Amino acid sequence: MKKVLILSILIYTFQFHCVYGQNPDAITTILQNVSPDAIKGQMTFLADDLLEGRQPGTRGFAIGSKYIETQFISLGLQPGNGSSYIQKVPLQKGIVEVKESYLVIKNGIKEEKLIYDQHFLLNPYFNSASSGVTAPLVFVGFGIAAPELQYDDYQKRDVKGKIVVFLRGAPNTFPNNESAYYGTPDVKYKEAIKRGAVGVITFSLPTNKPNTWDAMVKRSKGGAFKWVNNQSVPSNSYGALKSIAVFNNEHVEKLFVNAPETVQKIVELAAKGKSLSFPLNLSASIQVKTNIKPIESSNVVGVLQGSDPVLKNEYVVYAAHLDHFGIGAPVQKDSIYNGAHDNASGVAILLEIVKAYHSLSVKPKRSVIFAVVTGEELGLLGSDYFVNNPPMQNGKIVANLSIDMPFFFHPVLDIVPYGADHSSLGLQTEKAAEILGLKISPDPIPEQVVFTRSDHYSFIKKGIPALFIKSGFMTVPQDKVDRAKSDVDWRSTVYHSPQDDMNQLFDFDAATMHVKINFLIGYFVCNETLAPVWNNDDFFGEKFKKK
């Protein structure tokens, strides 16, 4: 296999020489020099207990950030934010003051005060320290209006001045792209505001395993975060919704005691991709008190200037998030959430990609930005801040490649390139995969809507074509492990736990393949005459067209 790989690379180096001006052996040498030991070394430091889980606003995160800055300097990158490598990202942390917050269900003259953590949770309200609402409840299915699918859960129901109650996620009859988009809270909250709702209560289907109640309660104790603008206004705060509550589906019957349909009927219809909309003939009084405090954090940004006098003002951005969950609830007597695979691995791979570009004798035509961002685990905050406050003095971003726990527990024989089928980036992906002898596989877990769950989605929402590459489940014949099962099991046993540390059996030779594929794709994009474009009639291309 190694001989075939080298032969493939040699064939393409002629093209590199003719079109891109590289020495015929340059790319081959660069790819062969990608170091598994370097990736292991970078991960070993970034995932060490010394960094205490790299939570934004902590000393451990600051140490990691300073380390990345020094690596950018040593690899010859220019500062990406004026004269600095640091792009400050002002955050706010909001924690619900449980003793001063409540949810009361009103059934005529009867009232029932529900129990926090047992029956419901509340999202922090970022627009003021205190917010409350009393209003009738209306059930609106999944809370989705998708005109291109002739689907509308609201069904012309008047919800102005009311609290809407809806299911999390999207109908399983939706195509993957539409499900990924319409199932996001952001889209649903904006639709509720557009319809005049003043509050939201959500709950999950019993089959929604990734969002177990215990997991949501545990996550809520850490609070929520927003980035703020120069006027200290929090981003995506949905201020018109005076309260956003999450209901425990084991107790959701409390919301449907006077409803014209049962919860069982709603669940049955949801399984068929159908929904109903009706008043719940109840009202609720919700009060949320929020403790809001500022958090200092930052992105680290370095730039490799392009060689073409015109195209150098177009940027290809590589991004990987540095942050993880810090120190939290102990699991198996360990309370440090090291985030080795999530995402010390992505940062280590990005640094090897920087090294590959640094080795080029002829720099690419377009400029390359390397961004190690904050707050991915808090809602893609660092990347969202970056694309809304781009640090370049002029020019535009034309493509993004994000690297987030790409999976290298076994040899990489195939890749799942999220985003490749949405834009012309698919062409560069196919070319790079062919050179490296990799197969391209479809999304094996579409129900987990991976496409909207990492930093590439921040770029997509700004109309920028983006890629997010993970390895697939193909294995070598001697590998007796069912990787389709073991990789998915990792998500339910190790993911977001203190056990995601360097004691895992990583395949660092496999990790080098993620360096090679991401480097080659970005390199091709940097040197093409035309910038990447969305495919005709692509769902995300149409939704997020640049204005």
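Author: In this predicted model, helices are DSSP runs of at least four residues, numbered from the N terminus. Glu-52 lies in the loop between H3 and helix H4 (59-74).

Reader: What makes the backbone of Glu-52 worth a remark?

Author: Glu-52 is not a glycine, yet its phi is positive, at about 50°. Most residues other than glycine have a negative phi.

Reader: Which residues of H3 and H4 meet?

Author: From H3, Gln-42, Phe-45 and Leu-46 take part; from H4, the partners are Ile-63, Gly-64, Tyr-67, Ile-68 and Gln-71. The residues of this contact of H3 with H4 comprise five nonpolar, three polar and no charged.

Reader: How do you know that H3 (residues 36-46) and H14 (residues 508-527) are neither parallel nor antiparallel, and what are they called?

Author: The axes of H3 and H14 come within 8 Å, and the crossing angle is roughly 95°. The range for roughly perpendicular is 65 to 115 degrees, so H3 and H14 are roughly perpendicular to each other.

Reader: Which residues form the contact of H3 with H14?

Author: Pro-36, Ile-39, Lys-40 and Met-43 in H3 face Phe-508, Asp-509, Ala-511, Thr-512 and Val-515 in H14, with contact meaning heavy atoms within 4.5 Å. By class, the contact of H3 with H14 has six nonpolar, one polar and two charged residues.

Reader: How do you know that strands E15 and E16 pair?

Author: Pairing requires at least two bridges. E15 (residues 326-331) and E16 (residues 334-337) have three bridges, in the antiparallel sense, and so they count as a pair. Gly-326 has Tyr-337 in E16 as its bridge partner, while Val-331 stands opposite Asp-334 in E16.

Reader: What is the phi of Gln-332 in the hairpin of E15 and E16?

Author: The hairpin has two residues between the strands, and Gln-332 takes a positive phi near 55°.

Reader: Which elements contribute two or more residues to the lining of the largest cavity?

Author: Strand E19 (414-418), strand E21 (466-471) and helix H13 (483-493) do. H13 gives the most, with three residues. The lining includes Phe-407, Tyr-418, Lys-470, Asp-487, Val-488 and Arg-491.

Reader: How does the lining of the largest cavity divide by class?

Author: The lining has eight nonpolar, one polar and three charged residues.

Note on methods: Residues numbered from 1 in each chain as written. Predicted model: local features only at pLDDT ≥ 70, side-chain atom pairs only at ≥ 80, totals over all residues. Heavy atoms only, no water. Axes fitted to C-alpha atoms, helices over the stretch in contact; angles between N-to-C directions. Parallel < 35°, antiparallel > 145°, perpendicular 65-115°, else oblique. Nonpolar A, V, L, I, M, F, W, Y, C, P; charged D, E, K, R; others polar. 1 Å grid on protein atoms, 1.4 Å probe; cavity = no way out; pocket = protein on both sides within 12 Å on 5 of 7 lines; lining within 4 Å.
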